Amino acid sequence: MTGENQSPQTGGTIEQYDAVIIGAGVSGMYALHHLREMGLSVRVYDGATDVGGTWWYNRYPGARVDGPGSPFYGYTFSDELMKEWDWAETQSKQSDVLEYLEYVADRFDLRRDIQFETWVEDARYDETTQRWTVETSTGVRASSQYLICAVGALSTANMPDIPGIHDFAGETYHTGRWPHEPISFEGKRVAVIGTGSSGIQSIPEIAKEAAHVTVLQRTAQYSVPAGNRPIQPDEMTDARDNWESFRTQMNVHPGGFPFETHERMALDDTPEQRRERYEALWQRGGFRFFLDGYNDVAMSEEANASLADFIRDKIRGIVRDPETADKLMPEFFVMTKRPILDNGYFETFNRDNVTLVDLREDPIECFTATSVRTQKGEHPIDVLVLATGFDAISGSMLRLNPKGRGGVSLEERWSDRFHNYLGLTIGGFPNLFMIHGPGSPGVFYNMPLGAERQMEWIGNCMRYLSDQGMGAVEPTNQSEEAWDAEVSGIANATLFPRTDSWWTGANIPGKPRYFSAYLGGSLYYHRIADVAAKNYEGFLLEQAHRAGDVEAS
Ligand code: NA7
């Protein structure tokens, strides 16, 4: 159904669609393609000027894929796309990933159904019509049966609230909101707050150019060499020639990559054998350092300590000044914050123009117009880089703050926990679907592939509703509670919830602190398929109020 209606309240025009998608990043782009292939009318809204989502925003120096990388970080839905696109490096640069996404947008003619520079300011469910109405920053209003929230797990920037930060008169940039024009650090004194992936990727690049870099570190981090290298032509050929087999492996692998799994446990090996294995993996570098080691590292304190000690020794071996090396010693369970890949991060502290401030022993007091003042001294600066991360996983849903049945807002519904069923749906919010939301594998899975698989489930659910003459679907409270217990049960068997991280929401003051991602890997896709096979067990289906509301074909 496509068309326009008059709004009863304002008399303004409301565009009519089967589905509205919020976000034109990796997930929203696929959602659009998939729903269009199903024959539905779809409109996508995005605040940016083009596709890419997180890859459009995160243009900071050194930004690269920092998980298992190319050629397997990308869409799998099109064999032609796989044949046509050449990846240059294993850890693709942000600009290469963005170029790929732009190519996908061209290749599948996506932009004709995307309205850019349009921020969705409100989304409300109408129980009578069983439809959502969205209001946007450009004044465009739209009504749709389905609302697909592809709002990004890492897209709501975390702006630190530090006394005087707004008095700072120099340039300030957040890594997740990086300007499009080139930023020169030449001859400038720069302070970087934050040593997560974004800080650790950008600090070595900034230090190459700046007069001086002051790194303001709250938590010392484990990081391993990214092992980035060019992808050889025969590797791309192999990936293409054996694509069917790679894709099958990706679908069964716990993280969505075509890697062998193993049953090795650290505690079954001697300390010497462990070191040998860690050393070989360190020399190769890349995210597989964490995957190809031992399976008990995320479960057992003792196994965890063997890997943590190894990395701490590496840091001590790289950083020449022992006092700086001491400050760089991470203390939490390794892997319980997002593992980090770097290109010469620890080596950067051997440069004369880099100073490390440990905020745990020397906290920031305030910013002035020209400096950052810590308890032990004043650091004059020209540029402030905020590598302070995101209100992750649930943050962008809360920023959207849709209003469901009875006008209840998501903020109210999620005040204590991120209630959801299957990481896809929320009770009281019929016909709303999330991609990579809380309760799903999200950032713990190959995100383009995860988006495809979640979206296929959503499309099938929509088709089922249409076939059954149903107008609305939402989970019961009991199914949400059972899902919450399942998600928490898996997480609580690991060390992950024991560390403060953006995975647990601990980086955002006042946020419910618990581990909300589904850690069961590809088991998730069996679980959601099983629910569908049982005629959407755990969901309430409501008859369509008006004929013609459901036209999924
Ligand atoms: P992260 O991993 O959340 O890192 C943010 C960093 O900023 C981290 O070191 C935080 O310290 C630090 N931080 C945040 N707020 C403050 C304040 N107020 N004062 C001092 N330090 C602060 O975000 P990233 O963008 O690096 O990484 C997200 C990425 O993970 C994503 O883009 C993928 O690449 C993978 P903390 O550790 O909380 O003590």
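Here is a walk through this structure, from its overall layout to some single residues.

Before we start, keep in mind that this is a predicted model, in which local features need pLDDT of at least 70, side-chain atom pairs count only at pLDDT 80 or more, and totals for chains, interfaces and linings use all residues. Residues are numbered from 1 along each chain as its sequence is written, and side-chain values use heavy atoms, with hydrogens and water left out.

Let's begin with the big picture.

Now for the ligand. It is surrounded by 21 residues, and the closest are Asp66, Ser198, Arg218, Thr219 and Lys337. Being near a molecule or strand here means that one of a residue's heavy atoms lies within 4 Å of it. Some of the pairs are polar contacts, meaning N or O atoms within 3.5 Å; within protein, one must be able to donate a hydrogen and the other to accept it, and residues adjacent in sequence count only if both atoms are side-chain atoms. Serine 198 has a polar side-chain atom 2.5 Å from an oxygen atom of the ligand. For threonine 219, an N or O atom of the side chain is 2.4 Å from a ligand oxygen atom. Alanine 387 uses its backbone instead: an N or O atom there lies 3.2 Å from an oxygen atom of the ligand.

Next, the helices. Helices (H or I, at least four residues) and strands (E, at least two) are DSSP runs, numbered from the N terminus. Helix 1 (residues 26–37) has twelve residues and reaches 17 Å from first C-alpha to last, close to the 16 Å expected at 1.5 Å a residue. That expected span is 1.5 Å times one less than the number of residues. Buried means under 20% relative accessible area, exposed means over 50%, and partly exposed is in between (1.4 Å probe, protein chains only). Among the buried residues of helix 1 are Met29, Tyr30, Leu32 and Leu35.

Two glycines sit around helix 1. In the loop between strand 2 (13–22) and helix 1 you'll find glycine 25, which is buried, with a relative accessible area of 9%. Leaving out residues up to four places away in sequence, glycine 25 touches Asp46, Gly52, Gly53 and Tyr75, where contact means heavy atoms within 4.5 Å. Just after helix 1 comes glycine 39, with a positive phi of about 90°.

Helix 8 (residues 271–284) tells another story. Which residues of helix 8 are buried? They are Arg274, Tyr278, Leu281 and Trp282. These cover an arc of only 105° around the axis, which puts them on the same side of helix 8; the arc is that of the directions from the helix axis to the C-beta atoms. On the other side, Glu272, Glu276 and Gln283 are exposed. The cover over the buried residues includes strand 11 (223–225), helix 9 (288–291) and helix 10 (301–318). After helix 8 comes glycine 285, whose phi is positive, near 75°.

Finally, a few backbone details. The peptide bond from serine 70 to proline 71 is cis, with omega near 5°, and proline 71 lies in the loop between helix 2 (54–57) and helix 3 (79–84). Asparagine 431 isn't a glycine, yet its phi is positive, about 65°. Asparagine 431 is in the loop between helix 14 (410–413) and strand 18 (432–434), and at 0% relative accessibility it counts as buried. Histidine 436, also not a glycine, has a positive phi of about 60°. You'll find histidine 436 in the loop between strand 18 and helix 15 (447–468), buried with a relative accessible area of 6%.
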